[in-house]
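My entries follow in the order I made them.

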Amino acid sequence: MSRTALRVCPLCEATCGLTLTIEDGRVTGARGDRDDVFSKGFICPKGAAFGAVDSDPDRLRAPLVRVDGELREATWEEAFDAVAAGIRPVAERHGPHAVGVVLGNPNVHTVAGALYPPVLIGGLGTRSLFTASTVDQMPKHVSSGLLFGDANLIPVPDLDRTDHLLLIGANPLESNGSLCTAPDFPGRLKALRARGGTLTVIDPRRTRTARLADRHLAIRPGTDALLLAAMAHTLFDEGLADLGERAPHIRGQRELAAALADFTPEAVSGACDIDAAGIRTLARELAAAPTAAVYGRIGSCTVPHGTLASWLVDVLNVLTGNLDRPGGALFPQAATDRTPRPAGPGRGFALGRWHSRVRRHPEAKGELPLSALAEEIDTPTDEGEPVRALIAVAANPVLSAPDGERLDKALGSLDFMVSVDPYLNETSRHADVVLPPPPPAQSPHHDFAFNTLAVRNQVRYTRPAVPLEPGRMAETEILARLVLAATGMHGADPAAVDAMVIDQTLGKAVRDPHSPVHGRDPQELAGLLTGENGPERRLDMMLRLGPYGDGFGADPDGLTLDRLLAHPHGIDLGPLRPRLPQPLKTRSGQVELLPEPIAADLPRLRAALDERPDGLVLVGRRHLRSNNSWMHNVPALTGGSNRCTLHLHPDDAERLGVRDGQPVRIKGAGGEVTAPAEVTDAVRRGVVSLPHGWGHDRPGTRLRHAAADPGANVNQLLDGSLLDPLSGNAVLNGVPVEVAPVAAVVTETFDALT
């Protein structure tokens with residue numbers, strides 16, 4: 001007997017609605033939900049393969065506990081007993097910071113990953129927090145924090161209404177969008193052009209997105225901030241800067257003009273390898289468009305000046321009058337956002353409230369650089385205890401962080417490690433306890449993070465499509481029990497975690513004069529919450545207190561969990577709307593165009609005006625059927641064009657004596673790897689490209705399909721020393737490498753030996 005069930009896809013940031021076909025408790029098919037209020041039936045290959053991802057036979061079905069050096073299946077009780085026995089003694093003997101927490105990208109794709117890690121970190125009291133943000137988008141968080149006072153207040157391009165879209169370091173036809181949640185990003189770009197709009201793409205590779213564009217500029221990798229600074233300079237120099245209606249809410253325009261005086265198009269042209277006239281044209285067209293938006297992503301974040309590039313993206317939106325207006329770049333408002341406060345000065349955003357022990361990296365948004373994790377484990381200093389125990393939740397830093405070899409060894413030296421992961425992968429193989437969450441079809445879904453970045457305000461929630469299999473534990477319960485075991489409350493009812501959060505949140509809300517429940521009884525309010533379990537009650541609370549909520553009865557037409565459940569395809573909350581100055585949290589209550597940390601980093605950017613790489617530089621790339629290292633174990637999503645090959649230009653291949661398909665050695669500061677060459681003019685001269693997330697060749701994993709075609713770990717080419725200093729983000733793009741045919745390498749080695 002077959003049936004269908006709705007599910008929001010958790011496999012990338014597009015958050016498309018799916019209709020699943022289920023037979024005998026197993027997902028046998030997936031198609032786009034045509035009635036979904038946001039995605040309207042769009043689906044990509046990852047969503048179509050939902051059933052294969054869900055039923056991967058290599059997924060762990062029971063906890064693993066290390067006994068006599070070997071991981072063996074155990075009961076859930078045995079697993080959490082081991083967690084409590086392993087984590088608490090370390091924290092009590094060496095202090096809270098000796099317990100590290102690593103959060104991987106999949107956390108933002110699950111209900112559990114949104115609700116429980118903050119409670120875990122707060123309960124531990126640790127400052128040793130490392131996440132995937134610092135190998136991805138941390139520069140955008142930092143620039144937003146400095147500009148707007150809130151690191152999570154990120155403007156997104158109004159794709160459906162803009163007349164002119166400039167993309168830099170972004171390839172949404174492959175990524176499906178990132179920090180810009182937009183189902184059917186390709187269709188939205190085609191619609192932009194169909195209505196007479198302009199699409200410009202700046203990227204060292206001629207990506208699928210670049211091939212769709214009106215104009216593609218093949219910039220020299222790592223010079224994004226220089227190009228954007230020259231565009232901003234041109235707006236000032238030619239009198240094109242116009243802040244529009246938001247001018248009263250913006251400060252620092254004059255100081256910004258002076259700070260960018262040296263970054264003329266002529267000055268940056270050589271470094272960027274884009275002619276000065278072309279740079280001026282970019283700026284003029286941006287200013288002349290009826291509406292326009294600049295959008296930068298991972299290619300402009302994972303470079304030496306990532307925070308400056310992210311800052312300048314929004315500077316251009318501000319200077320052209322396109323920040324916070326329809327057709328420009330606007331701030332989404334998610335249904336679970338906090339109750340809006342009146343506009344006014346806030347606490348602002350601070351960097352460097354504490355530092356890492358070894359290299360004194362400043363924290364950003366409460367996090368230390370993931371690149372520093374290995375040294376924080378394996379390097380003793382006088383500045384406190386090293387990390388001796390580690391909790392990894394949906395994280396595989398051995399592949400995602402620079403110098404995985406060193407981290408691999410460091411993880412093996414820990415006193416204790418617990419990993420929450422469905423697989424025994426390159427990182428979780430080191431754990432003393434592995435806690436496997438169930439497949440996604442057996443979990444609920446609401447996009448807490450991605451709705452704050454969506455190109456249209458909407459809200460959707462889906463309960464599990466199939467019930468938990470016998471022996472499985474809900475991911476929400478796994479993380480709740482992990483909180484209890486790691487913070488000295490092992491054995492307590494896991495529902496106590498949700499009850500504690502509800503009590504604290506409602507207690508704070510009733511004391512807040514701007515809250516819709518100010519002055520009411522928190523116990524009475526808690527009694528009004530609905531839902532089948534603690535996580536659903538927390539979601540109901542957040543919806544009721546949020547910007548569209550019923551305020552616990554204050555607005556009978558407001559949003560509640562029950563109302564959301566009555567709309568299984570979601571509720572459309574309308575297009576993005578101007579919101580300034582209300583969401584600003586800077587100390588001035590205004591957009592601060594030239595924050596002091598930004599101004600202090602500009603001399604470093606000026607020094608880059610004279611930099612020119614002598615040899616090849618490396619950039620990464622994405623594939624539509626992949627998401628970091630998650631999905632290489634799914635046969636339906638690998639093979640074909642989704643292969644780990646080194647792209648290099650025909651001229652470079654000829655100069656190096658490299659033939660298409662020939663194995664080549666790629667050598668960087670952190671080590672060397674081997675991959676097949678793929679000769680293509682899709683990359684500019686002097687640039688090579690290797691995809692991220694591969695390298696599944698380590699012993700002790702249980703990833704049979706991935707191990708059969710392991711690929712090469714691009715991050716092993718990096719030694720972790722190159723970081724954007726403001727954000728701590730790893731520099732993954734524009735790094736120098738050497739490339740040689742494997743045959744030539746063998747000859748060189750033989751000659752050296754003889």
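I started with Arg406, which is partly exposed because its relative accessible area is 32%. Here buried means under 20% relative accessible area, exposed means over 50%, and partly exposed lies in between (1.4 Å probe, protein chains only). This is a predicted model, where local features need pLDDT of at least 70 and side-chain atom pairs count only at pLDDT 80 or more, while totals for chains, interfaces and linings use all residues. Residues are numbered from 1 along each chain as its sequence is written, and side-chain values use heavy atoms, without hydrogens and water.

**Salt bridges**

I looked up the partner of Arg406. Asp378 forms a salt bridge with Arg406, with the closest N and O atoms 2.8 Å apart. Asp378 lies in helix H16 and Arg406 in helix H18 (residues 404-412), so the pair ties together parts 28 residues apart in sequence. Helices (H or I, at least four residues) and strands (E, at least two) are DSSP runs, numbered from the N terminus. Asp378 is partly exposed too, at 33% relative accessible area. My criterion for a salt bridge is a side-chain nitrogen of Lys or Arg within 4 Å of a carboxyl oxygen of Asp or Glu.

How many salt bridges does the whole structure hold? The search finds 46.

I noted Arg208 with Glu174, whose closest N and O atoms are 4.0 Å apart. This pair links distant parts of the chain, 34 residues apart: Arg208 is in helix H9 (residues 208-212) and Glu174 in helix H7 (residues 172-175). Arg208 is partly exposed at 34%, whereas Glu174 is buried at 11%.

Are the ends of the Arg544 and Asp550 bridge buried or exposed? Their side chains meet at 3.4 Å, N to O. Arg544 is buried at 9% relative accessible area. Asp550 also counts as buried, at 9%. I then logged a network: salt bridges that share partners join Asp237, Glu238, Glu266, Arg280 and Arg284.

**Surface charge**

Which residues form a positive surface patch? I found Arg338, Arg347, Lys508 and Arg511. Patch residues have over 30% relative accessible area and no salt bridge, and like charges are joined within 9 Å. Arg338 sits in the loop between strand E14 (329-330) and helix H16 (373-378). Arg338 counts as exposed because its relative accessibility is 67%.

**Buried positions**

I checked Thr162, in the loop between strand E8 (156-157) and strand E9 (164-168). Thr162 counts as buried, at 0% relative accessibility. Leaving out residues up to four places away in sequence, Thr162 touches Leu192, Arg195, Thr291, Ala292, Ala293 and Gly327. Contact means heavy atoms within 4.5 Å.

Gly507 is in helix H20 (residues 495-511) and is buried at 10%. I took one C-alpha distance: Gly507 and Leu624 are separated by 45 Å, at 117 residues apart along the chain.

**Backbone**

Most residues other than glycine have a negative phi, and most peptide bonds are trans. I looked for departures. Leu179 has a positive phi of about 55 degrees. Leu179 lies in the loop between H7 and helix H8 (185-194) and is buried at 9%. Asp403 has a positive phi near 50 degrees. Asp403 lies in the loop between helix H17 (397-400) and H18 and is buried at 15%.

Last entry: the peptide bond from Leu580 to Pro581 is cis, with omega near 5 degrees. Pro581 is in the loop between strand E19 (571-575) and strand E20 (591-592).

Methods
Patch = residues over 30% accessible without salt bridge, like charges linked within 9 Å, V, L, I, M, F, W, Y side chains within 5 Å. Areas by Shrake-Rupley, 256 points an atom, 1.4 Å probe, with all protein chains shown as cover. Lys, Arg positive; Asp, Glu negative; His and termini not counted. Charge placed at Lys NZ, Arg CZ, Asp CG, Glu CD.
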